[in-house]
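Please look at the structure before reading the points.

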Amino acid sequence: MIPQSAIPNNRTTYSATNRARKPSLYEDRESLEVPLIDTIRFSGPIHDHHLPHWQIKRTVDINGEVEDRFTSTRAIADDFDIQVRVARDGEMEAVIERSLPTLRYGHNVDAMGVSTATRLVKDLYHRASEFVDWAVGVGELRVRRLDLVRDFSGVDQLDHLLRGMARLHVARTTNASIYLDNEANGGALTLTRGVPGRWRASLYDKHAQVRHLARCEPDPDRSAWLERRAAEIHGRVRFEVQLRAQALRERGVHTMRDLNEPKLLDLREYYFNRAQ
């Protein structure tokens with residue numbers, strides 16, 4: 001377990017071992033008190049859809065009768081995808097997954113708060129109405145995936161920190177994995193652990209990730225802007241927990257109506273501690 005104690009300048013420190021204070025993660029109080037969201041996947045039942053290309057499953061019964069059944073289809077809008085599929089109950093549903101900060105800002109250097117995230121989901125819902133006839137309102141949309149973010153600043157000795165944390169045993173989780181994401185292009189050192197199909201927590205070098213994006217960006221102006229942002233967030237480490245539907249339901253998150261700051265703060269804190 002990583003001990004926690006208050007230090008001056010309204011920051012909290014988390015040490016990688018019980019014996020040492022360095023290397024540590026320093027978190028601003030603002031980040032601590034506001035739940036931040038990156039990616040969300042939501043779905044809802046629909047009456048009908050207006051997508052041209054269908055995937056069909058053909059079956060033949062013992063009498064030789066042929067039946068074609070609709071299974072799914074997908075449309076790509078300007079800046080989001082929508083999938084229509086047959087749900088387990090046999091009814092059609094529409095599914096949208098999107099990084100909300102990337103949708104709004106063109107990047108996910110900064111995650112966003114609950115109220116802004118909710119407004120963006122409402123906007124996606126109404127824009128998707130061009131393709132589907134929703135059977136429920138925004139509040140009844142089911143949350144299938146939610147990525148919650150917690151940023152730390154002023155982190156040094158990151159390699160030592162993450163490799164030290166990777167050696168810690170955490171009950172009822174998979175063994176920790178530590179790797180360089182996009183290693184061939186510079187990569188961001190990343191530590192992950194979790195429970196397959198339910199949740200996965202990652203701790204990674206956000207500064208290195210943004211520098212990688214800058215190097216891969218073909219637009220010179222945008223590449224220069226990303227380089228400047230990378231310089232501004234030098235020493236930033238991001239904790240990100242990806243929660244699947246089962247984990248969300250277990251913690252009381254079923255629909256968009258369940259997304260509020262107190263609940264998401266509790267949810268993020270629970271999995272932050274669970275991953276240690």
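The axes of helix α5 (residues 206-216) and helix α6 (residues 220-232) come within 8 Å and cross at roughly 165 degrees. The model is predicted, with local features needing pLDDT of at least 70 and side-chain atom pairs pLDDT 80 or more, while totals for chains, interfaces and linings use all residues. Residues are numbered from 1 along each chain as its sequence is written, and side-chain values use heavy atoms, without hydrogens and water.

**Helix pair**
- α5 and α6 are therefore roughly antiparallel to each other (angles over 145 degrees count as such).
- H207, V210, R211, L213 and A214 in α5 meet S223, L226, E227, A230 and A231 in α6 (contact means heavy atoms within 4.5 Å).
- The residues of this contact divide into six nonpolar, two polar and two charged (Asp, Glu, Lys and Arg count as charged; Ala, Val, Leu, Ile, Met, Phe, Trp, Tyr, Cys and Pro as nonpolar; the others, Gly among them, as polar).

**Largest pocket**
- The largest pocket holds about 460 Å³ of space (a pocket is an open set of points on a 1 Å grid where a 1.4 Å probe fits, with protein on both sides within 12 Å along at least five of seven lines).
- Its lining has 20 residues, with R85, R88, E93, V95 and R144 nearest the centre (lining residues have an atom within 4 Å of a point).
- β8 gives the largest share of that lining, five residues.
- By class, the lining has six nonpolar, two polar and twelve charged residues.

How values were computed: Axes are lines fitted to C-alpha atoms, for helices over the stretch in contact, and angles run from 0 to 180 degrees between N-to-C directions. Helices (H or I, at least four residues) and strands (E, at least two) are DSSP runs, numbered from the N terminus. Angles under 35 degrees count as roughly parallel, over 145 as roughly antiparallel, 65 to 115 as roughly perpendicular and the rest as oblique. Grid points are joined across faces, edges and corners, and a volume is the space filled by probe spheres set on the points.
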